[in-house]
Amino acid sequence: MDFSLSEEHLMIRQAARDFAQNELLPGVIERDDAQKFPAEQIKKLGELGFLGMMTDTKYNGSGMDTLSYVIAMEELSKVDASASVVVSVNNSLVCWGLEAFASEEQKQKYLTRLASGEVIGAFCLSEPEAGSDATSQKTTAIDKGDHYILNGTKNWITNGGTADTYLVIAQTDKEKGHKGINALIVEKGMPGFEIGPKENKLGIRGSDTHSLNFNDVKIPKENRIGEDGFGFKFAMKTLAGGRIGIAAQALGIAAGAYELALKYSKERKAFGTEIANHQAIAFKLADMHVQIEAVRNLVYKSAWEKDQGLNYDLSGAIAKLYASKVAMDTTIEAVQIHGGNGFVKDYHVERLMRDAKITQIYEGTSEIQKIVISRSILKD
């Protein structure tokens with residue numbers, strides 16, 4: 001076992017850290033307040049290769065491994081989870097899914113622009129009645145020979161208004177159940193495709209979350225990913241990798257809150273000394289540090305398994321379940337350590353606490369992760 005990082009991994013960590021501090025931190029509170037999408041910052045992330053990190057260089061990607069990606073996700077998420085979720089969706093759900101399962105023509109047409117950051121993508125699975133229950137798709141894609149007619153609504157779609165390319169999961173043959181579901185590539189501007197109002201969210205308020213409406217949208221057959229009926233399998237395989245990215249995001253949120261709390265505890269004085277010298281605070285910091293170290297090892301392990309071509313369904317679910325819990329616990333404690341200052345926006349920790357909550361919900365709720373984990377351990 002080797003727990004050391006390569007020179008390349010250390011360089012990626014530093015590059016992501018520098019970007020977070022120099023580009024994301026200025027204005028992050030104002031963007032959160034105004035629910036402003038970090039368009040300028042995302043453009044720069046694309047130019048630096050962060051939006052197609054795991055994509056092969058022949059498709060304009062950076063050709064890096066999953067470990068590089070989670071290292072970058074942690075550093076970006078320490079400062080701005082609204083920006084890092086764009087990196088997560090574009091890398092894990094859109095670029096990876098297309099590179100793994102799309103045709104060569106689809107890769108040349110869509111993946112090359114997505115991996116370079118020229119445009120960003122969105123992954124469209126959730127519906128009003130089909131979030132965790134992904135088999136209950138009400139969105140339909142009726143086969144019309146050389147094209148599909150797409151109708152339905154998708155909810156809570158990250159990058160919903162700013163994406164150019166949308167991977168949409170829809171039911172073609174209800175009688176076949178999950179084997180009758182397809183994944184289609186939909187382009188912004190196709191007739192009948194409408195973007196709903198932006199969601200007013202608790203956290204990650206800078207990210208662009210919308211409902212999408214499809215009204216008799218004509219989708220060419222060549223925009224279907226994989227064989228007929230492959231859509232559900234495509235969604236599940238893609239989400240399994242996406243959970244590693246969200247686990248890394250949760251790790252970053254927790255680590256960011258811990259670093260702020262540690263710094264504050266060495267500056268703030270109470271009863272004649274820095275509060276870090278009081279056991280009540282020191283023990284909180286010790287617990288936070290232990291939990292974050294444990295999460296980092298879980299996240300790195302799942303990324304390593306993915307890079308080795310091993311089955312990472314279980315390790316990814318474990319990492320996301322525990323990382324999201326630690327993100328919530330750590331950010332709550334960070335607010336507590338800051339006292340009254342933790343309750344105001346200027347100190348960042350209240351925003352990190354609000355951002356942490358979504359990591360227990362999207363790309364599979366904590367309850368879904370427990371289903372994945374329990375099924376895995378019970379079948380052994």
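Let's start at leucine 98, which touches Lys107, Tyr110, Leu111, Leu114, Leu167, Ile185 and Ile225, leaving aside residues up to four places away in sequence; contact here means heavy atoms within 4.5 Å. This is a predicted model, where local features need pLDDT of at least 70 and side-chain atom pairs count only at pLDDT 80 or more, while totals for chains, interfaces and linings use all residues. Numbering runs from 1 along each chain as its sequence is written, and side-chain values use heavy atoms, with hydrogens and water left out.

**Nonpolar cores**
- The largest nonpolar core has 90 residues, and Leu98 is among those with the most contacts inside it, as are Ile42, Val70, Phe123, Leu167, Phe234 and Val299.
- Such a core is a set of buried Ala, Val, Leu, Ile, Met, Phe, Trp, Tyr and Cys residues joined through side-chain atoms within 4.5 Å, where buried means under 20% relative accessible area with a 1.4 Å probe, protein chains only.
- Helix α7 (residues 231-265) gives the most to this core, with 18 residues.
- A second, separate core of 18 residues includes Tyr148, Val168, Leu184 and Phe214.

**Overall fold**
- The protein chain has 11 helices and nine strands, taken as DSSP runs (H or I, at least four residues, for helices; E, at least two, for strands) and numbered from the N terminus.
- Of the 380 residues of the protein chain, 54% count as buried.
- Along its principal axes, the C-alpha trace of the protein chain spans about 80 × 50 × 40 Å.
- Among contacts in the protein chain with a separation of 6 or more, 74% come from residues 24 or more positions apart.

Methods
Buried means under 20% relative accessible area, exposed over 50%, partly exposed in between (1.4 Å probe, protein chains only).
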